[in-house]
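User: Hello! I am new to this structure and would like to know what stands behind the words used for it. Could we go through them together?

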Amino acid sequence: MAAGAEVIIPAGGLPMLLFARERPFVIDGAPVLNGIAVAAKATEMALSLKDITKVFVSRRGTYAKAPAASIQEFLAFR
């Protein structure tokens with residue numbers, strides 16, 4: 001707050017869960033975002049944008065699909 005923060009965004013699942021029930025949750029006048037709600041709305045937005053723009057998930061680099069053999073091996077352990 002001393003550095004001028006206007007909003008607080010909890011990082012990680014546990015802080016998100018701990019703060020999710022507080023409505024509104026405010027620290028020194030700065031709202032603390034509910035990370036679960038933000039993630040849900042971001043997902044809704046991504047799906048809506050996909051419908052509008054016809055853009056699809058990138059399968060390059062970080063999001064490259066695993067080889068079929070790896071997927072089958074993973075599914076075998078479920």
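User: Which residues form a nonpolar patch on the surface?

Analyst: Val7, Ile9, Leu33 and Val38 form it, and together they have about 320 Å² of accessible area. Areas of this kind come from the Shrake-Rupley method with a 1.4 Å probe, and for residues only the protein chains shown count as cover. Before we go on, please note that this is a predicted model, where local features need pLDDT of at least 70, side-chain atom pairs count only at pLDDT 80 or more, and totals for chains, interfaces and linings use all residues. Residues are numbered from 1 along each chain as its sequence is written, and side-chain values use heavy atoms, with hydrogens and water left out.

User: What makes a group of residues a patch?

Analyst: Patches are made of residues with over 30% relative accessible area and no salt bridge; nonpolar side chains (Val, Leu, Ile, Met, Phe, Trp, Tyr) are joined within 5 Å, and like charges within 9 Å. Ile9, found in the segment before helix H1 (13–19), has a relative accessible area of 59%. Buried means under 20%, exposed over 50% and partly exposed in between, with a 1.4 Å probe and protein chains only, so Ile9 is exposed.

User: Why is the contact between Lys41 and Glu44 called a salt bridge?

Analyst: The term asks for a side-chain nitrogen of Lys or Arg within 4 Å of a carboxyl oxygen of Asp or Glu. In this pair the closest N and O atoms are 3.0 Å apart, so Lys41 and Glu44 form a salt bridge. A search of the whole structure finds one salt bridge. The two residues are three apart in helix H2, and so they are separated by about one helical turn. Lys41 counts as exposed because its relative accessibility is 56%, while Glu44, at 42%, counts as partly exposed.

User: How do you know what length to expect for helix H2?

Analyst: The expected span is 1.5 Å times one less than the number of residues. Helix H2 (residues 35–53) has 19 residues, and 27 Å is expected; from first C-alpha to last the helix reaches 26 Å, which is close to that. Helices (H or I, at least four residues) and strands (E, at least two) are DSSP runs, numbered from the N terminus.

User: Why is the aromatic pair called tilted?

Analyst: The structure holds one aromatic pair. The ring centres of Phe19 and Phe25 are 4.9 Å apart and their planes lie at 35°, so the pair is tilted. Rings of Phe, Tyr and Trp (its six-membered ring) pair if their centres lie within 6.5 Å; planes under 30 degrees apart count as stacked, over 60 as edge-to-face and the rest as tilted. Phe19, at 30% relative accessibility, counts as partly exposed, and Phe25, at 19%, counts as buried.

User: What is said of the backbone at Asp28, Lys54 and Pro24?

Analyst: Asp28 has a positive phi of about 50° although it is not a glycine, and this residue is found in the loop between S1 and strand S2 (30–31). The peptide bond from Arg23 to Pro24 is cis, with omega near -15°.
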